[in-house]
Amino acid sequence: MNRTVTGLATYPGRPHSLHLRDLPAPEAGFGEVVVRPRRVGICGTDREIIEATFGQAPAGEDDLVLGHEVLGIVESVGDGVTTISPGDLVGSTVRRPDGCPACRAGQPDMCLWLNYSERGILRAHGFMAERFVERVEHLVPIPTSLEPVGVFLEPLSVVEKAYRQAVLIQRRITSWRPAASIVLGAGPIGLLQTLLLREQGAEVWTLARSAPPNPASRIVEAAGAHYISTRETSLGELAPSLPNIDLIIEATGVSDVIAESMAALG
């Protein structure tokens with residue numbers, strides 16, 4: 001049996017320093033699981049790490065194995081693991097808590113001390129390797145029927161959090177639910193947010209630069225939402241024709257868009 005596995009890594013702080021590196025072959029200890037990745041997503045965070053604007057290697061190491069969006073198959077489980085079996089499909093959470101009050105309460109995404117690690121991003125190797133080991137509590141079982149899209153677990157958690165936080169904030173208003181929403185951007189996050197809002201019954205206008213028809217517009221329209229090209233109709237031009245807008249989700253990463261969109265909020 002090979003004593004090493006290969007991973008794709010970069011040297012944080014050194015632009016475009018992608019390289020292959022050997023890692024010790026993982027073995028499952030108590031409460032741990034060995035996973036063989038089948039798909040690993042790549043997003044803007046990975047690009048920032050590769051371009052050396054973000055990212056940090058684990059303590060005592062010079063490089064960082066990339067990959068924080070993963071769908072894999074369980075190869076082996078350690079003692080004490082009863083909820084996952086070899087052959088199961090799994091995804092993984094990314095952040096590892098630092099023990100702050102929010103982390104201890106099960107909300108590491110609201111970490112107060114900011115000493116957390118994130119696999120493939122900050123102070124912990126990621127999933128872009130032949131195999132990796134993970135504690136069972138950080139793994140999420142994926143039904144085999146969702147295998148083609150299971151790698152979207154991590155970005156889907158991002159849009160679910162945005163919606164959940166909006167609902168929590170609006171609980172001061174009895175039974176608030178967004179009947180009409182705008183999503184700015186039709187990349188993966190914008191599309192996932194559009195789908196989630198449609199699943200919640202909201203009417204959705206998804207705005208992006210590219211003129212339709214295009215792959216994103218087809219997904220938006222198939223979900224029953226409205227795709228608007230901002231090159232054809234700006235948000236300011238569109239807003240007067242819309243009903244009261246309950247929720248606007250910004251998924252472009254362009255800060256100027258935020259100020260413009262506030263004027264369209266009901």
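Strand E13 (residues 203–208) and E14 run parallel, joined by 4 bridges. Two strands count as paired if DSSP finds at least two bridges between them. Helices (H or I, at least four residues) and strands (E, at least two) are DSSP runs, numbered from the N terminus. This is a predicted model, in which local features need pLDDT of at least 70 and side-chain atom pairs count only at pLDDT 80 or more, while totals for chains, interfaces and linings use all residues. Residues are numbered from 1 along each chain as its sequence is written, and side-chain values use heavy atoms, with hydrogens and water left out.

Stay with E13 for a moment. Opposite His 226 in E14 stands Trp 205. E13 also pairs with E12, again in parallel, through 5 bridges. Here Ser 181 has Val 204 in E13 as its bridge partner. These strands belong to an open sheet of 4 strands, with parallel pairing and the order E14-E13-E12-E15. Strand E14 (226–229) and strand E15 (247–250) are its edge strands, and each pairs on one side only. On average, neighbouring strands of this sheet are turned by 20° against each other, direction ignored. For that angle, axes are lines fitted to C-alpha atoms, for helices over the stretch in contact, and angles run from 0 to 180 degrees between N-to-C directions.

Now look at E12. Why is strand E12 (residues 180–184) described as largely enclosed by the rest of the structure? The reason is burial: 5 of the 5 residues of E12 are buried, so the strand is largely enclosed. Buried means under 20% relative accessible area, exposed means over 50%, and partly exposed lies in between (1.4 Å probe, protein chains only). In a regular strand the side chains alternate between the two faces of the sheet. Both faces of E12 are covered. Ala 180, Ile 182 and Leu 184 are buried on one side, and Ser 181 and Val 183 are buried on the other.

Strand E3 (residues 32–41) and strand E5 (residues 69–77) run antiparallel, with 8 bridges between them. Arg 36 has Ile 73 in E5 as its bridge partner. E5 also runs antiparallel to strand E6 (residues 89–92), and 2 bridges join this pair. Gly 72 stands opposite Val 90 in E6.

Charged side chains come next. The structure holds 12 salt bridges. A salt bridge is a side-chain nitrogen of Lys or Arg within 4 Å of a carboxyl oxygen of Asp or Glu. One of them joins Arg 95 and Glu 118, at 3.0 Å from N to O. Arg 95 lies in strand E7 (residues 95–96) and Glu 118 in strand E8 (residues 117–119), so this pair ties together parts that are 23 residues apart in sequence. Glu 118 counts as buried because its relative accessibility is 11%.

Glu 134 has two arginine partners to follow. With Arg 96 it forms a salt bridge whose closest N and O atoms are 2.6 Å apart. Glu 134 lies in strand E10 (residues 132–135) and Arg 96 in E7, so the link spans parts 38 residues apart in sequence. Both Glu 134 and Arg 96 are buried. Glu 134 also forms a salt bridge with Arg 119, where the closest N and O atoms are 2.8 Å apart. Arg 119 lies in E8, so this pair ties together parts that are 15 residues apart in sequence. Arg 119 is buried, as is Glu 134. Elsewhere, salt bridges that share partners join Arg 21, Glu 61 and Asp 63 into one network.

What about the cysteines? A disulfide is a covalent bond between the sulfur atoms of two cysteines. The cut-off used here is a pair of cysteine sulfur atoms within 2.5 Å. The structure holds 0 disulfides. For Cys 100, the closest cysteine sulfur is in Cys 103, 3.6 Å away, which is too far for a bond. Cys 100 is buried, with a relative accessible area of 0%. Cys 111 is in no disulfide either, and its nearest cysteine sulfur, that of Cys 103, is 3.8 Å away. Cys 111 is buried too, at 9%.

Leu 146, Val 149 and Phe 152 make a nonpolar patch of about 250 Å². Patches are made of residues with over 30% relative accessible area and no salt bridge; like charges are joined within 9 Å, and nonpolar side chains (Val, Leu, Ile, Met, Phe, Trp, Tyr) within 5 Å. Accessible areas come from the Shrake-Rupley method with a 1.4 Å probe; for residues, only the protein chains shown count as cover. Phe 152 sits in the loop between strand E11 (139–141) and helix H3 (153–169). Phe 152 counts as partly exposed because its relative accessibility is 37%.
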